[in-house]
Every structure is written in C-alpha cells, then in structure tokens.
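Hi everyone, thanks for coming along. Let me put the sequence and the structure up on the screen, and then we can walk through a few places together.

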Amino acid sequence: MFGQLSRTARRAVVSAAALVAAALAVGTATALPHAPRAPEPAASGEAAAVKAAVAATGPRMLSLFGRKSNGHLYDYEPNGTGGVKPAVDLGGGFGEATALVQAGQSESGAGTDLYYRMGKTLYYTAERGSDTKIVGNGWDIFNLLMSPGNLGGTAQDDIIGRDAAGALWLYQGKADGMLLARIRIGTSGWNGMDVLTGRGDYTGDGKSDLIARSTTGTLYIYPGTGNATADAALGARLTVGTGWGTATYKTLVSAGDSNGDGKADLIAVDPAGALWLFKGTGKASAPFEARVQIGTSGWTAFNTLF
C-alpha cells in the first residue's frame, strides 16, 4: 500500500509545496513551479483491490510525518506491524509553516495529501497532484489545526480548527482539496486541551472519534456522532485516564490503524524521545492495550508530528 511509487509522489508534492510557499512569501512575480506528475498506478486487479480495501475497512494505515527545526519534513511509512520504516527526507522549506495536516481527499479519499499554513494562508497539495492550491486566507484565527479523519460522514477527511475563544470548527473536505463551509462542533473550553488527535473509531460504533488531552494530563475520547450538524458532531466525552501529561508524553498523535488489525491506534513520544504504540481495542470501556515501544530515541527532535 505504501510502496516506492507513493513515496516518490509525496517527495515531489511536498517539494513543490515548499517552493510555492517560498515564492509567495517573498512576493515573487514569476510563475510558480509545479511538481512533476507521478505515474498513475496501473488499473490492475491488485490496485482495485487496494482501493476497495481502503474504502471498505475502518481506519487507514497512514504514514507518520515529522518536521524538524531545520524545516525538513520526514516520512515514516508503516511497517505493517505497528512500527515504522526508516525515514524518507521529503525536503526542506517548511520551517515557517505554522500548521501541518495530512488528510485523504484525493484518490476517492485514499490519497495522502497535505494541508499547511503559511502566515494567514492555508494551502493544499494532493499526493499525485500537479500543483498547490490556496484553500483560503484568514486561517490565522485558529491556534490549532488537525484532521480527525472522516468525522462528518463524507468520503473525504475533515479539518478541525480551534479559535482563540476555545471553540471548535469543522470543515468537511472535498475531493479537490477545498473545504465546505465551517460548522461549529464545540462552543468553548477547548483551549483547556493541549492535544487534539485521533484518526478513526476508538469506541467500536463505526464512527470516527476525537481524542483530547487536557492541560492537566487527562485523556478523553469524544465519540463522533457521524452528523455534520452544528454542536452535534461530538457526543459526551469518555475519560480514558489520567497521567497522560507532558511529564509522561511530550506528544500524542495518531496514524490511524498502525498495526493493521482494523482498529485505530494512538502513538506517544516520551520525554526521553522514545516512541510508543497504544493499540486500539475498539471498546469504549478500555480503548487501548498496554503500550508497546516502537522507537528507541530521537523523536523529541521533531517540533511537529502528524
């Protein structure tokens, strides 16, 4: 699923995105470069089966992306058993990005696409796209941007933004990377969360959920209702447990189904830089198994994981 072709496509895409952002930042009037279009996979039975599996199963098995302080973006593809393969350096130019989000919009929702914010502007580039699009301006009103996957019930992934007042807003994704009009899904108080993550169903009801960590270290699951309706997209929160704060885990992130068992998982980085996998159970009463170490050190070198 994550072979050399998609890796090459990603490298071309993000390089073009960085060049576009750099050109816009300095106000150049020359034509912006585009990434070479990667060859499309053959319309074989195998390719069709992969797409059918993506559409029919639960959370996808996604890459884990990390950005370092030098602006380079790194792609860690899943190894199929819960860990990650060696990093692929996708190039620099992302040091000034104030938000980075991966989402599946292209390829009927199976693409590994990128949204990123530079200044007030949000950009989108598809995994096998030939250009980078401006989604819109004014995105600096949000102090956090992330994708929970498909929270609203469409084929494409959604984007969540948190504003300065602590409200949450849902933007449903479209196949071309653009976004539908926003819907408020949380009225206030979300600034009390220092992490929002999750990529799939953690409660076993077949609907994507949102994971949040409070600044006091309590981890919650907000069950998705599957309804893209104002103030009704999330159900009453469930408490996973305490002790999840920064003293224990510097970062929490989800790459969907990391170990291929059809259930959404959670990844954590501890203060020593080790990487841990919490396998999802699909049970609301006990959503995660005991942690398993999948990386020994060095993961605190990333200032963003997504």
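Before we start, one term: when I say contact, I mean heavy atoms within 4.5 Å. Also, this is a predicted model, where local features need pLDDT of at least 70 and side-chain atom pairs count only at pLDDT 80 or more, while totals for chains, interfaces and linings use all residues. Residues are numbered from 1 along each chain as its sequence is written, and side-chain values use heavy atoms, with hydrogens and water left out.

So, V135. Leaving aside neighbours within four places in sequence, V135 is in contact with Y115, L122, Y123, Y124, G177, M178 and L179. By nonpolar core I mean a set of buried Ala, Val, Leu, Ile, Met, Phe, Trp, Tyr and Cys residues joined through side-chain atoms within 4.5 Å. Buried is under 20% relative accessible area, exposed is over 50%, and partly exposed is in between, with a 1.4 Å probe and protein chains only.

Back to V135, then. Which residues touch the most other members of the largest nonpolar core? They are Y115, V135, W139, L145 and L179, out of 17 residues. Strand 4 (99-103), strand 6, strand 8 (142-149) and strand 10 (168-172) each supply at least two residues of this core. Strand 4 gives the largest share, three residues. As general background, nonpolar side chains tend to be buried together in soluble globular proteins.

Now please look at strand 6, residues 121-125. Strands here are DSSP runs of E, at least two residues long, numbered from the N terminus. Why is strand 6 largely enclosed by the rest of the structure? Because five of its five residues are buried. T121, Y123 and T125 point one way, L122 and Y124 point the other way, and all are buried.

Strand 6 has partners, too, and two strands pair if DSSP finds at least two bridges between them. Strand 5 (residues 113-118) runs antiparallel to strand 6, joined by five bridges, and M118 has T121 as its bridge partner. Two residues lie between the strands of that hairpin, where G119 takes a positive phi near 65°. Strand 7 (residues 132-136) also pairs with strand 6 in the antiparallel sense, over four bridges. T125 stands opposite T132 there, and this hairpin has six residues between its strands.

Next stop, D265, in the loop between strand 16 (251-253) and strand 17 (266-269). The side chain of D265 does reach the backbone nitrogen of G280, at 2.7 Å.

Last one: G273, in the loop between strand 17 and strand 18 (275-278). G273 is buried, with a relative accessible area of 0%. G273 and W299 are 26 residues apart in sequence, but 4.6 Å apart in space, C-alpha to C-alpha. Beyond its neighbours within four places in sequence, G273 is in contact with T296, S297, G298, W299 and T300.

Note on methods. A polar contact is a pair of N or O atoms within 3.5 Å; within protein, one must be able to donate a hydrogen and the other to accept it, and residues adjacent in sequence count only if both atoms are side-chain atoms.
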